[in-house]
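I opened a new notebook page for this chain.

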Amino acid sequence: SLCDSHCVEEMDDREGSFVAVRRISQGLERGTVYNSSSPEGVPGSAAWLGRGLSCVCAQRRDSDAHSTFDLTPAQEECLHRLQNRIDVAYDTTIPLHQEALRNLWKLAFPEEELHGLISEQWKEMGWQGKDPSTDFRGGGFISLENLLYFARNFQKSFQDLLRKQVGERSVWEYPFAVAGINLTFMLIQMVDLEAVKPRTIVGETFLKFLSAENESAFDSLYCIAFKLMDQQWLSMRASYMEFNTVMKSTRRQLERELMLEDITHLEDLPSYALLSQ
């Protein structure tokens, strides 16, 4: 079990579910299964991520508290649709959800046939166990949609991150899929999607990218965030225990870029240049 003496639980009980990140060995070798019961070195090495940790919780600054931001009808409609997406839980009984998960596997490993929605193979993608549905509790169906969007629109970057092909990697790497769920949750908090309308300047700024012409702004921001997170991971020479620190750094950098002047499209963000089709 992941929830054993090797885990450090720092969860806020009121927040509900969480996502755990565990160590995997360097690189992503074909056919390798990462077993959570394998020796992992230092006791107390696991770090809990997801709901309840400071690195992904929304923190409203006082200067943001008296926002006078007004939504246009079009923005309001787009925001409402996006908020509806974050309310959808992953449901193993819904064929659409099952098919989306199968599609993710095909995009990740087109050369390898998936044996089932519950399979040891899923560990190759960086899920905690053989059933990815248990990990979606931390991010809902939108976290799967985010991964699919990334795989379809930025295939090279997706594969580079999945297989850890870029840069000098840590011996103890972050698991790809679980990191993706944490990024979805972090972005929901960062742009304040759970509020009726954004209460932060960053949240307000994000809405200018969300329009009928760009319904996928959140998914695009996710792709940028994932690639930026990996770059931060490499530049900080981070290892497993520093994942929280990397996530905080990624969020700060994204916030800075969103607030830059003359940014009218997400493609204008400096970190967008990191992505490869």
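Predicted model: local features only at pLDDT ≥ 70, side-chain atom pairs only at ≥ 80, totals over all residues.

My entries follow, from the whole chain down to single residues.

**Entry 1. Confidence.** I looked up the mean pLDDT of the protein chain and got 78. A value of 70 or more is reached by 74% of the residues. Over residues 1–66 the pLDDT stays under 50. For that stretch the model has 146 contacts beyond four places in sequence. I picked local features only where pLDDT is at least 70.

**Entry 2. Fold.** I counted secondary structure next. The protein chain has 8 helices and 3 strands. Along the sequence I read the pattern β-β-β-α-α-α-α-α-α-α-α. The chain has 277 residues, and 53% of them count as buried. I also checked contact range. Among contacts with a separation of 6 or more, 73% join residues 24 or more positions apart. The accessible surface comes to about 12,900 Å². Carbon and sulfur atoms account for 50% of that surface.

**Entry 3. Core.** Which residues touch the most other members of the largest nonpolar core? I found Met125 and Phe226, in a core of 68 residues. I then asked which helices supply it. Helix H1 (73–86), helix H2 (95–108), helix H3 (141–153), H4, H5, helix H6 (201–207), H7 and H8 each supply at least two residues. H7 gives the most to this core, with 11 residues.

I followed Met125 further. Leaving out residues up to four places away in sequence, methionine 125 touches Leu104, Trp105, Ala108, Phe109, Leu162, Phe176 and Ala177. Leu162 comes up again in the entry on H4, where it is one of the buried residues.

**Entry 4. Aromatic pairs.** I ran the ring search and got 15 aromatic pairs. I took tyrosine 174 and phenylalanine 243 to begin with. Their ring centres are 6.0 Å apart and their planes stand at 50 degrees, so I logged the pair as tilted. Tyrosine 174 is in the loop between helix H4 (155–162) and helix H5 (176–190), and phenylalanine 243 is in helix H8 (residues 243–258). The pair therefore ties together parts that are 69 residues apart in sequence. Tyrosine 174 is buried at 0% relative accessibility. Phenylalanine 243 is buried too, at 2%.

Next I took tyrosine 222 and phenylalanine 226. This aromatic pair is edge-to-face, with 5.8 Å centre to centre and 85 degrees between the planes. Both residues lie in helix H7 (residues 217–235), 4 residues apart, about one turn of the helix. I recalled the geometry: an α-helix has 3.6 residues a turn, so residues three or four places apart point the same way. Tyrosine 222 and phenylalanine 226 are both buried. They also belong to one aromatic cluster with Phe150, Phe158 and Phe176.

**Entry 5. Helix H4.** Why did I note H4 as largely enclosed by the rest of the structure? Of its 8 residues, 6 are buried, so the label holds. I listed the buried ones as Ser157, Phe158, Gln159, Asp160, Leu161 and Leu162. Their cover includes H2, H3, H5 and H7.

**Entry 6. Lysine 164.** Lysine 164 has its place in the loop between H4 and H5. Buried or exposed, I asked of lysine 164? I got a relative accessible area of 6%, so lysine 164 counts as buried. Its charged end sits over the ring of tyrosine 174, 4.3 Å from the ring centre.

**Entry 7. Arginine 237.** I checked a further positive phi. Arginine 237 is not a glycine, yet its phi is about 50 degrees. I placed arginine 237 in the loop between H7 and H8. Its relative accessibility is 62%, so I marked arginine 237 as exposed.

**Entry 8. Glutamine 83.** At 14% relative accessibility, glutamine 83 counts as buried. What does glutamine 83 touch, not counting residues up to four places away in sequence? I found Leu193, Ala195 and Val196.

Conventions. Residues numbered from 1 in each chain as written. Heavy atoms only, no water. Phe/Tyr/Trp six-rings, centres within 6.5 Å; stacked < 30°, edge-to-face > 60°. Buried < 20%, exposed > 50% of the residue type's maximum accessible area, 1.4 Å probe, protein only. Lys NZ or Arg CZ within 6 Å of the ring centre and 35° of its normal. pLDDT = per-residue confidence, 0-100. Contact = heavy atoms within 4.5 Å. Areas by Shrake-Rupley, 256 points an atom, 1.4 Å probe, with all protein chains shown as cover. Core = buried A, V, L, I, M, F, W, Y, C linked by side-chain atoms within 4.5 Å.
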